[in-house]
Structures are given as structure tokens and as C-alpha cells.
Amino acid sequence: MKTSNPVLSRLGQAAERERTAGYGAYGPAGAAPGYGQPYPGASDYPAAPPAVQPMTVDDVVVKTVTLLGITGVSAVVAWNVIPESMTGAAWIGAAIIGLVLGLVISFMRMANPALIVGYAVVEGVFVGMASKVFSVIAGYQGVVLQAVIATFGVFFLTAFLYKARVIRATPKFQRGMIIVMGGLFAVMLINIVLSLFGFSTGLRDNGPLGYLFSVVCIVVAALSFILSFNEVEEGVRAGLPARYSWVAAFGILVSLVWLYLEILRLLSFLQGGDD
């Protein structure tokens, strides 16, 4: 199973390893029901359950909701516990730790629920501090609630369009998304480095270029859900072990956080333009 989602890119390889190692959904590799002849007396015993339970869509939904709940609780706690004087440091610290954990999870060959839950906690601190900066420190009233509503609205709309097959994760679409996402992240990284040396590209400023860049990021973040939905669908079809539902949920969480931050920034631009 080939994949183009950078977060879920190893799921197909994992499924192949599981089958090769002999731990598919039906036990030993190749030993599907009815394969070969039973040992004498085997019929006297109940059939053994599958060695590994396969992943289902419901598994992914439950894990995604769980991670979102953890992220939300962590964000609320961080907002109320961390003082304003420490907001910037906590924001940067959570961003760095979250980036490291995200890269580790993305390139791990084994799903680790504890590590993924830890990532959700750190992302909650990051989201909470970002929200506090925009709402309390910068004074953009109401943008947090608006951004949350808009984020889930876009998510469910994208899910509907995918379910209705209005948008399909064709190989061409996947390749294009990888190129665009890679380009966007490269531009963001360059912009951050330039800002450290006092150069402003205008990509993150309240102006026409900033508006345009934010809209592009929002569209791409929304379309990244299509990649995640496709990977979940293919993972279920390939019989991935249930524990990989954590990895799938992690991929969706990454896209949700990115989408929320981009919408939050755009709303702050629009509110600031009215002043």
C-alpha cells in the first residue's frame, strides 16, 4: 500500500511487516480460515481468536476524539495556569517539543500510544498559549471560539466531500499535495529564519500578502484531511493492526491543529483590519 501522507507514510510498510512476520488478522501469515488440514483432535477445541485485531474506522474515530479531548483539556489548563509573563516562553517551548515528538512519531516503525498522548498534551499547551496570545495579549476578542467553530466546520465539510467522493485522493492529487505542503513548510521555515534576523517578507503580516498566504495555508490544511481519510481507508482495507489507529488519529490531529492556527491568524487579520 503506497502512501503520500507524510504523517501516515509508514502504515503500508507496517502492514507488510505484520503480514511477513506472521501476525496478520488471521494469525500466521497465509493461514487464512480453511487453509491446510487441521491437526488430529483440533476440532475438539474452540477456534483461536485472531492474533491481532485489525484496525477499524471506529477505532480511528475513538482515538481521534480521545486525542482532541486531551489536547483541549491541556489547552484550557495551560491557559489558566501559565502566567502571561511566561506565555511566550511556554509557547516556544511547546512548539519545539511538539515538533520533536511529531517527527519521532512520524518516522517510528511502531505505534506508541503513550508517546502520541504525550504529543497531544504538548500540543494542548502550544494551542492554549497561541490562543491566549491572540485573544488576551493581542486583544482579538472572540477569535478563539470563532476559530474553533470554523476549524470543525471545515473538517466536517471535507469529510462529507470525501465520503461523497466529490474530492478523491487520486495519485495525482496525492503527489500534488506533497509538493505543495513541502513547499509551504519550506517557505514558513525560511520566513522564520529571516524574521530572526529582522527581515520581514510580509507573509505573516496583516496585509494583502499575509491574507493570501493564510488563505492558501487554510485550503492546503483542509485538503490534507483527504490524505488522512484515504490512509485510514486503505489501512482498514489492508488489515493494519488496531494499534495503528493511534497513528491515524495523530495524523488527523496534526492537520486540525495546523488548520486551527491558520484560521486563528486570518481571523485576527480581519479583526485587526476593522480597527
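A pocket, on a 1 Å grid over the protein atoms alone, is an open set of points where a 1.4 Å probe fits, with protein on both sides within 12 Å along at least five of seven lines, and its lining residues have an atom within 4 Å of a point. Grid points are joined across faces, edges and corners, and a volume is the space filled by probe spheres set on the points.

The model is predicted: local features need pLDDT of at least 70, side-chain atom pairs count only at pLDDT 80 or more, and totals for chains, interfaces and linings use all residues. Residues are numbered from 1 along each chain as its sequence is written, and side-chain values use heavy atoms, with hydrogens and water left out.

**View 1. The second largest pocket.** About 500 Å³ of space lies in this pocket. Its lining comprises 17 residues, and Val57, Val61, Phe155, Ala159 and Phe229 lie nearest the centre. Helix 2 (57-81), helix 5 and helix 7 each contribute at least two lining residues; helices (H or I, at least four residues) and strands (E, at least two) are DSSP runs, numbered from the N terminus. The lining divides into 13 nonpolar, one polar and three charged residues, where Ala, Val, Leu, Ile, Met, Phe, Trp, Tyr, Cys and Pro count as nonpolar, Asp, Glu, Lys and Arg as charged, and the others, Gly among them, as polar.

**View 2. The largest pocket.** The space in the largest pocket is about 1900 Å³. Of its 43 lining residues, Phe126, Phe185, Met188, Ile192 and Leu261 are the closest to the centre. Two or more lining residues come from each of helix 3 (87-107), helix 4, helix 6, helix 7 (208-238) and helix 8 (245-273). By class, the lining has 26 nonpolar, 13 polar and four charged residues.

**View 3. Phe225 in helix 7.** Phe225 is found in helix 7 and counts as buried because its relative accessibility is 0%; buried means under 20% relative accessible area, exposed over 50%, and partly exposed in between (1.4 Å probe, protein chains only). Not counting residues up to four places away in sequence, Phe225 touches Phe155, Thr158, Ile252, Ser255, Leu256 and Leu259, a contact being heavy atoms within 4.5 Å. Phe225 and Gly251, 26 residues apart in sequence, are 8.7 Å apart in space, C-alpha to C-alpha.

**View 4. Lys132 in helix 4.** Lys132 belongs to helix 4 (residues 113-137). Lys132 is buried but has no salt bridge, and Glu84, the nearest side chain of opposite charge, is 5.4 Å away. A salt bridge is a side-chain nitrogen of Lys or Arg within 4 Å of a carboxyl oxygen of Asp or Glu; Lys and Arg count as positive and Asp and Glu as negative, while His and the chain ends are not counted. Leaving aside neighbours within four places in sequence, Lys132 is in contact with Trp79, Ile82, Pro83, Glu84, Thr87 and Ile137.

View 5. Arg165 lies in the loop between helix 5 (143-163) and helix 6 (171-196). Phi of Arg165 is near 60°, a positive value in a residue other than glycine. Arg165 is partly exposed, with a relative accessible area of 32%. The loop between helix 7 and helix 8 holds Gly239, which is partly exposed at 28% relative accessibility. Gly239 and Gln53 are 186 residues apart in sequence, with 8.6 Å in space from C-alpha to C-alpha.

**View 6. The whole chain.** The protein chain has eight helices and zero strands. Buried residues make up 41% of its 275 residues.
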